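Dear colleague,

I am handing over the structure that you will find just below. Please read the notes after it with the structure open beside you.

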Amino acid sequence: MTKEFQASKPIYIQIADHLSSQIVRGEIRPGEKLPSVREMAIVSGVNPNTVQRTYSEMERMGIVETKRGQGTFVTQNEEIVDSLKTQLQREIIDRFVQSMRGLGLSEEDITEGLKQYLRGEQDGR
Amino acid sequence: MAVKLSNVSKKYGKEFSLKNVSLTFETGKIYGLLGPNGSGKSTTLKMIAGLVYPNSGKVEVGNEEVSRKISKNVAYLTELDMFYPGFTVANMVDYYATQFTDFDSVKAEELLKEMKLEREKKIKQLSKGTRGRLKLVLALSRNAPVLLLDEPFSGLDPMVRDSIVKSLLSYINFDLQTMIIATHEIDEIEPLLDEAIVIFHGNIIGQKNVEELREEEGLSVLDWFKDTAKNMEAKMNG
């Protein structure tokens, strides 16, 4: 399952984003061990130096911890996971609002459009 | 093991295949040597493998100037077919084992399985794609400090390419080996690379760290390659 990567964003960040959303969704639990750098590289089809960079970056952000000789683990600190969730949410909203504004829509249009969409989604079921 | 080209030129007749090229390849990294057909990619690899000598300049592997004997340290996957048609897959593996002291027979068996190659099949019965996989098995089974792959994806379908990328990642020893992949199929290998080098009409026209390229210029290797090549064309025609 080699992933497709976007052209303009560093690959190490794209892998970090992917792992972060898995952590936020609880697919990867707090305290859980991440695959080794080599394993992760093989699964994603990328250079191990890239994965190493992903892990270092996530460690710097406090999302994971590396224990010497044991591997890389997701933090047990729920506050960090919560703030990660808030941050990801913000990024998504940011992109959404930017694109809507790009279409020339006002604040009311955007909220109204979103409400309608969510309602429609419910009715659809 | 590091590889170094210093002011290397190579002419075939009156035509320059390489023109005053200087490059350094470090241990533990994967390099992409990218360029259109006839740009000098294969010549560069052949020089590192000791199969072609420069007209001027110096090619070193480790701290040794390259000669034929460098094959002890350099595994080379050629773009050409180099098999005896009457050999079976197993014969070919055994032959390789007799030629190279660093040939790892255990690794070869694992790779044969992974690449779904049947030991008893004769080379002449194999499709082009299957021969391509066999070449890769033979090159990767050597624990050579330098691995050179010339167009490793040519003639292979996308599924096989994926599994080859995985095998490359599984079997390289990043503490000891240097890998150089020459290809014009940039998309396939971009996520594998540490560094990309663009070669055009025998000139090195750019070298970039792949992640820095994305981070600083917002470009994939393919985008960058196209830009660089286009600028070069414009310069030559203008």
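The notes below go from conventions to the two chains and then to single elements and residues.

The model is predicted, and local features are therefore reported only at pLDDT of at least 70 and side-chain atom pairs only at pLDDT 80 or more, whereas totals for chains, interfaces and linings use all residues. Residues are numbered from 1 along each chain as its sequence is written, and chains are lettered from A and ligands numbered from 1 in the order in which they are written.

**Chain A and its side towards chain B**

The domain assignment of chain A, which is automatic or taken from a database, gives domain 1 (11-76) and domain 2 (79-124). The centres of these two domains, taken over C-alpha atoms, are separated by 28 Å. Eight residues of domain 1 of chain A are in contact with five residues of domain 2 of chain A, where contact means that the C-beta atoms of two residues, placed from the backbone, lie within 7 Å. The side of domain 1 that touches domain 2 has four nonpolar, four polar and no charged residues; in this scheme Ala, Val, Leu, Ile, Met, Phe, Trp, Tyr, Cys and Pro count as nonpolar, Asp, Glu, Lys and Arg as charged, and the others, Gly among them, as polar.

Between the chains, 16 residues of chain A are in contact with 18 residues of chain B. On the chain A side, the elements that give two or more residues are helix H1 (11-24), helix H2 (37-44) and helix H3 (48-60), where helices (H or I, at least four residues) and strands (E, at least two) are DSSP runs numbered from the N terminus. The largest share of that side, three residues, comes from H3(A), and by class the side has nine nonpolar, six polar and one charged residues.

A:Val46 lies in the loop between H2 and H3 of chain A, and A:Val46 counts as buried with 26 C-beta neighbours inside 10 Å. The cut-offs are 20 or more other C-beta atoms within 10 Å for buried, 12 or fewer for exposed, and partly exposed in between, with C-beta atoms placed from the backbone. Not counting residues up to four places away in sequence, A:Val46 touches A:Ile11, A:Ala41, A:Val51, B:Pro191 and B:Leu192. The C-alpha atoms of A:Val46 and A:Ile11, although 35 residues apart along the chain, are separated by 8.4 Å.

**Strands of chain B**

Strand S3 (residues 30-34) of chain B has five of its five residues buried, with B:Ile30, B:Gly32 and B:Leu34 on one side and B:Tyr31 and B:Leu33 on the other. S3(B) pairs in the parallel sense with strand S8 (residues 178-183) of chain B over five bridges, pairing being assigned if DSSP finds at least two bridges between two strands. In that pair B:Tyr31 stands opposite B:Ile180. S3(B) is also joined by four bridges to strand S9 (residues 195-200) of chain B, again running parallel, and B:Leu34 has B:Val198 as its bridge partner there.

B:Tyr31 and B:Ile180 are also among the residues with the most contacts inside the largest nonpolar core, which has 84 residues; such a core is a set of buried Ala, Val, Leu, Ile, Met, Phe, Trp, Tyr and Cys residues joined through C-beta atoms within 7 Å.

An open sheet of chain B has four strands in the order S2-S1-S4-S5, with antiparallel pairing, and its edge strands are S2 and strand S5 (64-65). S1(B) and S2(B) form a hairpin with two residues between them, and B:Gly13 in the turn has a positive phi of about 65°.

Helix H4 (residues 128-140) of chain B has 13 residues and reaches 19 Å from its first C-alpha to its last, close to the 18 Å expected at 1.5 Å a residue, the expected span being 1.5 Å times one less than the number of residues. As 10 of its 13 residues are buried, H4(B) is largely enclosed by the rest of the structure, and its cover includes helix H2 (89-99), helix H3 (105-114) and helix H5 (158-171) of chain B.

B:Tyr171, in helix H5 of chain B, is buried with 20 other C-beta atoms within 10 Å. Leaving aside neighbours within four places in sequence, B:Tyr171 is in contact with B:Lys107 and B:Leu140.

With best regards
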